[in-house]
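Take a look at the sequence and the structure first, then read on.

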Amino acid sequence: MHDLAIKDGLCYINGEFIRANIGIDGHKISYVGKEEIKGELEIKADKNLVLPGLFNAHTHLAMTLFRGFAEDMPLMDWLKTKIWRAERLLNAKDVYWGSMLGILEMLRTGTTCFSDLYIHMDEVAKACIESGIRAVLCYGMADRGDSERAKEELEIGEDFIKRWNDGRIKAIFGPHAPYTCSLEFLKMVKDRADELKVGIHIHVSETKDEVEEFKQKFGLPPIEKLDEIGFLGPKTVMAHAIWINDKEMEILAKKGVSVVHNPISNMKLASGIARVTDMVESGINVCLGTDGAASNNTYNLFEEIKLTSLLQKVRTGKADALHARDVVEMATRNGYKAYGLDGGELKKGRLADIILLKKSFNYTPLYNPLYSIVYSSFGCEVSHTIVDGKILMEEGELLTLNEEKILEKVEKIKEKFTQL
Ligand SMILES: [Zn+2]
């Protein structure tokens, strides 16, 4: 008798859909196979699709508060006249409700784990604890060349790690980017991360201008310089990496750095198109993210799955660039792997983060479910979301969140930003 049994699903196993039963005990998958199983709780999958949960590997979750707040503006104008001004008005409670809204959206669209870099991170952690979702969290640090501030920022980042590294929450360091953090500070962060044996989440080479400025200042592009100071390693996760040269790509592969590709944010902010196919060929672990909701505007990872595939076809001029299976791996297993978590696969011993998808009109006719998932999903096909062995959404009903209250609170918070 298992704690939970998912019966007769069309399960995504080793790149194929196979009819199987899944047993879950505690936090983990304890059985995958064709034998009849029983559970204290049972979900009749009834030949619907069963997938490992999606991993959104780069978010600024509470930025749900700013979705639709400022649109169609050049990046620097958008940041300086709108986003940064609004962020200065953010308090801890706002971040809590903004995060709750982000989690609500992720659970509804099949994301079981996310990696967040922002401020007031205790509130994000609280929202995770209450909702039951899994997360990798870090406080977004920036010293802007001030050595006093560097010490303070590192301390805030480290305190957060010591408070929250437990159970479903993994806390790591989050230096914002090489253009907001000095090289001395980044070195300090890396040394401390090694001592505490934790990872690092950072933005690198998102815009062409930022890379040009960096090269003028330091004589090398960001990734080459980061390598020179010993910053890169298998526990480094880099968001974007759009404007990188061949040598930098080689460095990332050699050092085992994971890259988070954020196609919608990159398109919306006109940042550019990352060389994802080249990265995959070099052996780099590429995963997917939405970035913040202000530049996306949703946390629906199915949109990233489709656009990752389409963008690479456009970039390379090859319709067979990136196969559906590659992109599904990026959205599931690769995300878990990037952050050292044992999930993202329907396999005995893995974390029990699982989603069920209903066959619906947009999945009809169903030839190969993999193609339907990559090219036809809206996100609302998700009927069940299971995290850490617990059912958080059942038949479309969120069991741990009060949806009405969250929407109401966020509409109320919005009022103070409309003055800007
Ligand atoms: Zn970002």
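Asp 159 is partly exposed, with a relative accessible area of 37%; partly exposed is the class between buried (under 20% relative accessible area) and exposed (over 50%), using a 1.4 Å probe and protein chains only. You'll find Asp 159 in helix α4, residues 147-164. This is a predicted model, where local features need pLDDT of at least 70, side-chain atom pairs count only at pLDDT 80 or more, and totals for chains, interfaces and linings use all residues. Residues are numbered from 1 along each chain as its sequence is written, and side-chain values use heavy atoms, with hydrogens and water left out.

**A charged patch**

- Helices (H or I, at least four residues) and strands (E, at least two) are DSSP runs, numbered from the N terminus.

**Helix α3 and its surroundings**

- Which residues of helix α3 (residues 121-131) are buried? They are Met 121, Glu 123, Val 124, Ala 125, Ala 127, Cys 128 and Ser 131.
- These buried residues pack against α2 (92-108), β7 (111-118), β8 (134-141), α4, β9 (169-171) and β17 (390-394).
- Just past the end of α3 sits Gly 132, with a positive phi of about 95 degrees.

**Salt bridges**

- The count comes to 31 salt bridges, each one being a side-chain nitrogen of Lys or Arg within 4 Å of a carboxyl oxygen of Asp or Glu.
- Asp 8 and Arg 19 make one of them, at 3.1 Å from N to O. Asp 8 is in strand β1 (residues 2-13) and Arg 19 in strand β2 (residues 16-25), so this pair ties together parts that are eleven residues apart in sequence.
- Both partners are partly exposed: Asp 8 has a relative accessible area of 27%, and Arg 19 has 40%.
- Lys 190 pairs up with Asp 194, and their closest N and O atoms are 3.0 Å apart. The two are four residues apart in helix α5 (residues 183-196), which means about one helical turn separates them.
- Lys 190 is buried at 13% relative accessible area, whereas Asp 194 is partly exposed at 43%.
- Asp 278 and Arg 315 form another salt bridge, with the closest N and O atoms 3.8 Å apart. Asp 278 belongs to helix α10 (residues 276-282) and Arg 315 to helix α11 (residues 301-316), so the pair links parts that are 37 residues apart in sequence.
- Asp 278 counts as partly exposed at 23% relative accessibility, and Arg 315 is partly exposed too, at 28%.
- There's also a network of salt bridges linking Glu 329, Arg 333, Asp 342, Glu 345 and Arg 350.

- Most residues other than glycine have a negative phi, and most peptide bonds are trans.
- Asn 296 and Asn 297 are joined by a cis peptide bond, with omega of about 10 degrees. Asn 297 lies in the loop between β14 (285-288) and α11.
- Thr 364 and Pro 365 are joined by a cis peptide bond as well, with omega of about 0 degrees. Look for Pro 365 in the loop between β15 (354-357) and α14 (369-376).
- Asn 14 isn't a glycine, yet has a positive phi of about 50 degrees. Asn 14 sits in the loop between β1 and β2, and is exposed, with a relative accessible area of 61%.
- Glu 395 is not a glycine either, and its positive phi is near 50 degrees. The loop between β17 and β18 (397-398) holds Glu 395, which is exposed at 52% relative accessible area.

**A residue inside helix α11**

- Leaving aside neighbours within four places in sequence, Gln 312 is in contact (heavy atoms within 4.5 Å) with His 261, Ile 273, Ala 274, Arg 275, Val 276, Thr 277, Ala 321 and Leu 322.
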